[in-house]
Amino acid sequence: MITSALSDAHNKTDGKGGSASVDESITAWALAARSGDPDAVEQFVNALQRDVQRYVAHLCGDPQAVDDLAQDTFLRALGSLHRFEGRSSARAWLLSIARRAVIDSYRYAAARPRLSDVPDWQLAVELAQPRDLPGFDDGVALLDLLAALPDERREAFVLTQLVGLPYAEAAEVSDCPVGTVRSRVARARSTLLDLLDEAEAPAALAAV
């Protein structure tokens, strides 16, 4: 159920436990990739490709642009690996690059005429989701609820609860104080639970 999904997200709030060791491995691959190790490059890209696609999909409004923006993110990252020193996790570093890639795409789009309305960002997220995992239907429903959140709260929730970044690294990616991220996540979770209660109320009444 979606409620359990929100509970699982709450349990991952600080990004502790297994995710820490995973981030250490990814950061080690990034550092090894600086010297041109092809295996390390492949491990680094494969480990973070889904996170980048998910994050980009939540930020951009064009489902056709998700793959291109993800590819642009990795091209920028691989071209900048020589400057990566491991002071933050490679995941946070890469998502910061993804954020800049999306912002640059907005600036580029703003400089040319818009031929049609931008498609809903939600479609892009759904297209980026794997279809063969348990609870996929619940995941799509959760995306419906996420669509109702203000952009900044949605980004904070996605970074910490779906991507799994610690608050400090989410703050680094979002370029805001850690306390602001915590507040946005708390408000997002409260809003999502309220929306979930409203969505399930008609079904509960029908069952009486």
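Helix packing

Reply: Start with helix α3 (residues 38-59) and helix α8 (residues 151-162): their axes lie 10 Å apart, at an angle of about 165 degrees. That makes α3 roughly antiparallel to α8, as angles over 145 degrees count as roughly antiparallel, under 35 as roughly parallel, 65 to 115 as roughly perpendicular and the rest as oblique. Axes here are lines fitted to C-alpha atoms, for helices over the stretch in contact, and angles run from 0 to 180 degrees between N-to-C directions.

Me: What is this model, and how are residues numbered?

Reply: This is a predicted model, where local features need pLDDT of at least 70, side-chain atom pairs count only at pLDDT 80 or more, and totals for chains, interfaces and linings use all residues. Residues are numbered from 1 along each chain as its sequence is written, and side-chain values use heavy atoms, with hydrogens and water left out.

Me: Which residues of α3 and α8 meet?

Reply: From α3, Arg-54, Tyr-55, His-58 and Leu-59. From α8, Arg-154, Glu-155, Val-158, Leu-159 and Leu-162. Contact means heavy atoms within 4.5 Å. By class, the α3 with α8 contact has 5 nonpolar, 1 polar and 3 charged residues. Ala, Val, Leu, Ile, Met, Phe, Trp, Tyr, Cys and Pro count as nonpolar, Asp, Glu, Lys and Arg as charged, and the others, Gly among them, as polar.

Me: Is Arg-154 buried or exposed?

Reply: Arg-154 is buried, with a relative accessible area of 6%. Buried means under 20% relative accessible area, exposed over 50%, partly exposed in between (1.4 Å probe, protein chains only). The C-alpha atom of Arg-154 is 6.8 Å from that of Ala-188, 34 residues apart along the chain.

Me: What about α8 and α9, at what angle do they pack?

Reply: About 140 degrees, with the axes 10 Å apart. α8 and α9 are therefore oblique to each other. Glu-155, Leu-159, Thr-160 and Gln-161 of α8 make the contact with Tyr-167, Ala-170, Val-173 and Ser-174 of α9. This contact of α8 with α9 has 4 nonpolar, 3 polar and 1 charged residues.

Me: How many residues of α9 are buried?

Reply: 6 of the 8 residues in helix α9 (residues 167-174), so described as mostly covered. They are Tyr-167, Glu-169, Ala-170, Ala-171, Val-173 and Ser-174. Asp-175 follows α9, and its phi is positive, near 60 degrees.

Me: Back to α3. How does it sit against α4?

Reply: The axes of α3 and helix α4 (residues 66-80) come within 9 Å and cross at roughly 135 degrees. That makes α3 oblique to α4. Residues of α3 in this contact include Val-41, Phe-44, Val-45 and Leu-48. On the α4 side, Val-66, Leu-69, Ala-70 and Phe-74 are among them. The contact of α3 with α4 divides into 12 nonpolar, 3 polar and 1 charged residues.

Me: Zooming out, how many helices and strands are there?

Reply: The protein has 10 helices and 0 strands. Helices (H or I, at least four residues) and strands (E, at least two) are DSSP runs, numbered from the N terminus.

Me: And what share of the protein is buried?

Reply: 42% of the 208 residues. Among contacts with a separation of 6 or more, 71% are between residues 24 or more positions apart.
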